[in-house]
Amino acid sequence: MSKHLELAQRLRDAFPDLIGAPTEFRGEVSLVVADAERIADVCALAKRELGFDLLLDLSGVDNLGDDPRWDVVYELYGVSHGCHLRLKTSVSEEKSELPTVSGVWRAADWHEREAYDMMGIRFRGHTDLRRILMWEGYPYFPLRKDFPLAGKPSVLPDTAFTRPAPLEGGPFITPAGGRDSIAREPRARTPES
Amino acid sequence: MAAVHEISVKDTAARADDLRDLEGDRLVVNMGPSHPSTHGVLRIVIELDGETITKADPDIGYLHRGDEKIAENMTWNQFIPYTDRLDYLAPLANNVAYALAVEKLMGIDDKLPARCQYIRVICCELARVSAHLLGLGAFAMDVGAMTVFLHTFTEREKIYNLAESLTGARFTTSYTRIGGVLRDTPPGWCAAVQKFCDEVLVSIDDAERLLTRNKIWVDRTKDVGIVSREAASDFGLTGPNLRGSGVDYDVRKAHPYLCYKDFDFDIPVGGVGDCYDRYLVRTEEMRQSVRIIRQALQRIPGGFDNPSRELVNVPDGKIVLPPKSKVLSGMEELIHQFMLVTQGQNAPRGEVYFGAENPKGELGFYINSRGGGTPHRLKIRAPSFCNLSILSTLLPGNLMSDVVAILGSFDFVMGECDR
């Protein structure tokens, strides 16, 4: 068994009712944590006992139309053993909240602020959950799938404003899995769809 | 004869009474977003007690362009020009990192032709030299050593010339394509790179002679902005900033991508984690990069000008665009061209993370694909973003004048931090 899988298995053994079987794709191991409420416990154990001392990345994924809507993906790495591990957990749209891991790795501080800023996922227990890339008072969450690429108008008096960008009917892309070639045709999409 | 005046100097204990009057309000200083030493548009709100920093709050996002949103709305190849604008001091390295991430998703990263891998390695290392030369020059200028900047910029100019003859652009190179590179090296390019390697080493030595034992430089950087091993990994620092703190982690050694395992090179590691260590690590990394480039040039398949026409692209019409001359004469090529331009390469469902050792640290791409020509989600793990997150912890306790030294030694780029 490769080292990656062995570490994943050890983490699974510590939380047998919580973590599903590891999946492997392109040499990377992913674990799905069933209950987002316990993600901080899983992360703390991964760091303390399994040596995952670097939180490389944390990203939110918007699965608009699916339930639960949000995926939160943690990319872990251990310098001592040189293995990556991906943890995934899901959060429903009504809840949009899960515990912070900034107490485990302080690197999560800014990553969680970004996920909140871009997607609107809140991290409970985060000491300073402010917007980070957009300005304080911006009304939308721009990386959500229902936010148009062109942007929406917004005004925050004396601070900032936004206007939609002229996209001339774009974006001219061909989404995967359309019914037929007409549905996939680039110009057939309206900007809002 | 001049009159002699007597002056009395109070001892320190007596001065304490005077100083008590000064304990008034703390002063809040707004540094940036367009301060010369913030290298772009970083804003730091600093609270001062006298000259000592008591609180620092970095404010980023002034250069946010929504690259991740844009990526979700275009095909894989169309996003390459946007990667130029991440770490805009090393666009070639960003191009390579992004292409490798998508290739990993498609499962073709081990099928890249050898010549393509060698060209990409040379590009990455040239980008590293270029970024470190600027980082070093700007760092030295921020703490008052103007000359170094002039030396290092002379060398960077040569790298720009090389980039121009290779890619057609000096700055926004957009050189890689999914499955290969835009074009093979032009005639004489490899020889020019070899000549450059000899020249840049002289300049690195010159810069080192100006700084490494310079009393002012050492005083400004040594024991300033110390990042411990634990703090460095806790905050997710990568690249020279992590290695400056003594953590021996370089993606090129830990998880060799491209053909990095074919080369002999060393990873410099610092001992203390102060600004001086980070400076030494960067300087040595440039020498190691030159070492890699020389080995790559020696062994590049096809030789300097590729008389044997070694491939530089994956020979797969569903990944790489066909030659233009065949598009309007061959049916298959026409179909491939049409499908690639309108729909992009057909990626499988799945998710990958790929991190490459960029000049600033580990540039990672997390790609979540639902199949087809566009990503469902593309997250850019920007090294500068993670490196800057330590500032609010690192700056308090330092002097105001050390902020420029610390910022210079962290060598960040806001284009990448804000995305």
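1. In this note, the angle between two helices runs from 0 to 180 degrees between their N-to-C directions, and each axis is a line fitted to C-alpha atoms over the stretch in contact. The structure under review is a predicted model.

2. The definition applies to helix 4 (residues 91-106) and helix 5 (residues 114-142) of chain B, which pack at an angle of about 140° with their axes 7 Å apart. Helix 4 of chain B is therefore oblique to helix 5 of chain B, since only angles over 145 degrees count as roughly antiparallel. The crossing of helix 4 of chain B past helix 5 of chain B is left-handed.

3. As to the residues involved, B:Leu92, B:Ala93 and B:Val96 of helix 4 of chain B meet a set in helix 5 of chain B that comprises B:Arg120, B:Cys123, B:Cys124, B:Leu126, B:Ala127 and B:Arg128.

4. Elsewhere in chain B, helix 17 (residues 402-410) is mostly covered, with nine of its nine residues buried.

5. Chain A contains an open sheet of five strands in the order 1-2-5-4-3, with mixed pairing. Its edges are strand 1 (23-25) and strand 3 (54-62) of chain A, each of which pairs on one side only. On average, neighbouring strands of the sheet are turned by 25° against each other, direction ignored.

6. Within this sheet, strand 4 (residues 70-78) and strand 5 (residues 83-91) of chain A run antiparallel and are joined by nine bridges. One specific pair can be named: A:Val73 has A:Lys88, in strand 5 of chain A, as its bridge partner.

7. Two helices of chain A pack on the sheet. Helix 1 (residues 3-14) of chain A touches strand 2 (28-33) and strand 5 of chain A, and its direction makes about 40° with that of strand 5 of chain A. Helix 2 (residues 39-48) of chain A touches strand 2, strand 4 and strand 5 of chain A; the direction of helix 2 makes about 170° with that of strand 5 of chain A.

8. Between the chains, 34 residues of chain A are in contact with 41 residues of chain B. On the chain A side, strand 3, strand 4, strand 5 and helix 3 (108-119) each give two or more residues. Strand 3 of chain A supplies the largest share, six residues. The class composition of this side of chain A is 21 nonpolar, five polar and eight charged residues.

Key:
Residues are numbered from 1 along each chain as its sequence is written. Chains are lettered from A and ligands numbered from 1 in the order in which they are written. This is a predicted model: local features need pLDDT of at least 70, side-chain atom pairs count only at pLDDT 80 or more; totals for chains, interfaces and linings use all residues. Two strands pair if DSSP finds at least two bridges between them. Helices (H or I, at least four residues) and strands (E, at least two) are DSSP runs, numbered from the N terminus. Two residues are in contact if their C-beta atoms, placed from the backbone, lie within 7 Å. Ala, Val, Leu, Ile, Met, Phe, Trp, Tyr, Cys and Pro count as nonpolar, Asp, Glu, Lys and Arg as charged, and the others, Gly among them, as polar. A residue is buried if 20 or more other C-beta atoms lie within 10 Å of its own, exposed if 12 or fewer, and partly exposed in between; C-beta atoms are placed from the backbone. Angles under 35 degrees count as roughly parallel, over 145 as roughly antiparallel, 65 to 115 as roughly perpendicular and the rest as oblique. A crossing is left-handed if the near helix is turned anticlockwise from the far one by less than a right angle, and right-handed if clockwise.
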